[in-house]
Amino acid sequence: MSNRTLAIIKPDGVRKNVVGKIIAQITEAGFTVKGMKLMRMSKESAQAFYEVHKERPFYGELVDFMISGPVVPIALEKENAVADFRKLIGATDPAQAESGTIRKLYAGSKAENAVHGSDSDENAALEISHFFSRNELL
Ligand code: CMP
């Protein structure tokens, strides 16, 4: 079990000006911020990040959405980080997400769903290194 995961507050979350509220909810749930930045992803970076979804019909839309505005990638630490963070954000589709979850509170649709969370310890490590160099992490 790893203790790190990667969160991204997506462009819709930044546009809605709820970055502070989302970070407060994350830290109140017991996660510690180990790295964070406000940035724009390049098309190449978004394509590489979502490479695993390349064959999906929504891949182009997903990449375009992720580069439609700034994002806030956050490296988080907590015991059982991957599973606990996915529980905190709720289902991919906000209509299916449990009440009180970040997506239920802030996501508008399956495509514009406010936050990303890594789905495995292996991907968490890869995704954290996608955004952060060693000296940008605590
Ligand atoms: P995320 O957790 O970042 O990982 C993959 C993303 O693909 C997911 O969140 C959604 O934003 C997006 N996604 C999944 N299913 C669909 C869909 N049917 N249409 C558009 N985007 C989707």
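The points below concern a predicted model and treat strand pairing first, then the nonpolar cores.

1. Strand β1 covers residues 4–9, and five of its six residues are buried, so the rest of the structure largely encloses this strand. The cut-off behind that reading is a relative accessible area under 20%.

2. On one pairing, β1 is joined by six bridges to strand β3 (residues 72–77), and the two run antiparallel.

3. Which residues of the largest nonpolar core touch the most other members? They are Ile 22, Ile 26, Phe 85 and Ile 102, in a core of 19 residues. At least two residues of this core come from each of β1, α2 (19–28), β3, α5 (81–89) and α6 (102–106). The greatest contribution is that of α5, with four residues.

4. When neighbours within four places in sequence are set aside, Ile 102 is in contact with Ile 22, Gln 25, Ile 26, Leu 88, Ile 89, Ala 107 and Val 115.

5. A separate core of 16 residues lies apart from the largest one, and its members include Leu 6, Phe 49, Tyr 59 and Met 66. As general background, nonpolar side chains in soluble globular proteins tend to be buried together.

Methods:
Residues numbered from 1 in each chain as written. Predicted model: local features only at pLDDT ≥ 70, side-chain atom pairs only at ≥ 80, totals over all residues. Heavy atoms only, no water. Buried < 20%, exposed > 50% of the residue type's maximum accessible area, 1.4 Å probe, protein only. Pairing = 2+ DSSP bridges. Core = buried A, V, L, I, M, F, W, Y, C linked by side-chain atoms within 4.5 Å. Contact = heavy atoms within 4.5 Å.
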